[in-house]
Amino acid sequence: MTTGNTDGEPMTPRDPTPQPTAGRLGNAFVTALVVAIVGVVLAAVLTPLGDHVMQGFLDEPTCPGDACEGKNPQSQGCTEDARTFKPDVGNPALLQIRYSEDCKAVWARIERGSPGDLVTVELVGGTKRTAEIEYGNDKFTSMAAVSDGEFQATACAVPKRGGASTYERYCVQATEAAAWR
């Protein structure tokens, strides 16, 4: 029997079963998941790595032609379709010329150098780019645009005078018609 309170109104029995908290925990989990996803998307869009990831989704270079001049081929997505000219014999620095048809640009890379060594790429009648190995044994130059798709490029590996490299200045040449891999 239910007794009334002091005001004379009947009291309702209390439910001794506690209310579940799963709904509140589920909402907190969903909120945390949404925040994490938004954070990852923002990081992907706002960083150089994000540029590269987004480039993979877009399947287009971020800087075709003259817009690639002087830029980093990796962060611009130009390595995706890049082909390599690299002589297999007599190449003491493992020097290569890289060419991206999508980006309409070339750059040079040295794979076996020492700190202080230089790698250069120069277009006949055009741009020259140089990069110095700061640490490790490899380095690549920034890009030189070849907007019309025709070019003659010369890449050189230049050892630092008195440095650790044992090779002498070494250069290779390639055109758009070279045997690219």
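This is a predicted model: local features need pLDDT of at least 70, side-chain atom pairs count only at pLDDT 80 or more; totals for chains, interfaces and linings use all residues.
The search of the whole structure identified three disulfides. A disulfide is a covalent bond between the sulfur atoms of two cysteines. When the bonded cysteines are counted along the chain, the disulfides follow the pattern 1-2, 3-4, 5-6. One of these links is formed by Cys63 and Cys68, whose sulfur atoms lie 2.1 Å apart. The torsion about its S-S bond is 95 degrees, and the link of Cys63 and Cys68 is right-handed. Cys63 has a relative accessible area of 1% and is buried. Cys68 is likewise classed as buried, at 0% relative accessibility.

A further disulfide connects Cys78 with Cys103, with an S to S distance of 2.0 Å. This link of Cys78 and Cys103 is left-handed, with -95 degrees about the S-S bond. The pair brings together distant parts of the chain, 25 residues apart: Cys78 belongs to the loop between helix 2 and strand 1, and Cys103 to the loop between strand 2 and strand 3. Relative accessibility is 0% for Cys78, which counts as buried. For Cys103 the value is 0%, and this residue also counts as buried.

Cys156 and Cys171 are joined by a disulfide with an S to S distance of 2.0 Å. The torsion about the S-S bond of Cys156 and Cys171 is about 110 degrees, so this disulfide is right-handed. Distant parts of the chain are linked by the pair, with Cys156 in strand 8 (residues 152-158) and Cys171 in strand 9 (residues 170-175), 15 residues apart. Cys156 is buried, its relative accessible area being 4%, whereas Cys171 is partly exposed at 35%.

Strand 8 and strand 9 also pair with each other, in the antiparallel sense and over six bridges. Within this pairing, Thr154 has Gln173 of strand 9 as its bridge partner. Both strands belong to an open sheet of four strands, in which the order is 5-4-8-9 and the pairing is antiparallel. Strand 5 and strand 9 each have a single partner strand and stand at the edges, so one side of each is left without a neighbour in the sheet. On average, and with direction ignored, neighbouring strands of this sheet are turned by 15 degrees against each other.

Contacts between charged side chains were examined next. Side chains of opposite charge can pair when their charged atoms come close. The structure contains six salt bridges. Among them is the pair of Glu69 and Arg129, in which the closest N and O atoms are 2.6 Å apart. With a relative accessible area of 27%, Glu69 is partly exposed.

Another salt bridge is made by the side chains of Glu101 and Arg83, at 3.5 Å from N to O. The two residues are 18 residues apart and link distant parts of the chain, Glu101 being in the loop between strand 2 (95-100) and strand 3 (105-110) and Arg83 in strand 1. Glu101 has a relative accessible area of 45% and is partly exposed. Arg83 is also partly exposed, with a relative accessible area of 28%.

Glu111 and Lys86 likewise form a salt bridge, with 2.7 Å between the closest N and O atoms. Here too the pair links distant parts of the chain, 25 residues apart: Glu111 is in the loop between strand 3 and strand 4 (118-123), and Lys86 is in the loop between strand 1 and strand 2. Glu111 counts as partly exposed, at 22% relative accessibility; the cut-off for a buried residue is under 20%. Through salt bridges that share partners, Lys86, Arg109, Glu111 and Asp138 are joined into one network.

Technical notes. Residues are numbered from 1 along each chain as its sequence is written. Side-chain values use heavy atoms; hydrogens and water are left out. A salt bridge is a side-chain nitrogen of Lys or Arg within 4 Å of a carboxyl oxygen of Asp or Glu. Buried means under 20% relative accessible area, exposed over 50%, partly exposed in between (1.4 Å probe, protein chains only). A disulfide is a pair of cysteine sulfur atoms within 2.5 Å. Two strands pair if DSSP finds at least two bridges between them. Axes are lines fitted to C-alpha atoms, for helices over the stretch in contact, and angles run from 0 to 180 degrees between N-to-C directions.
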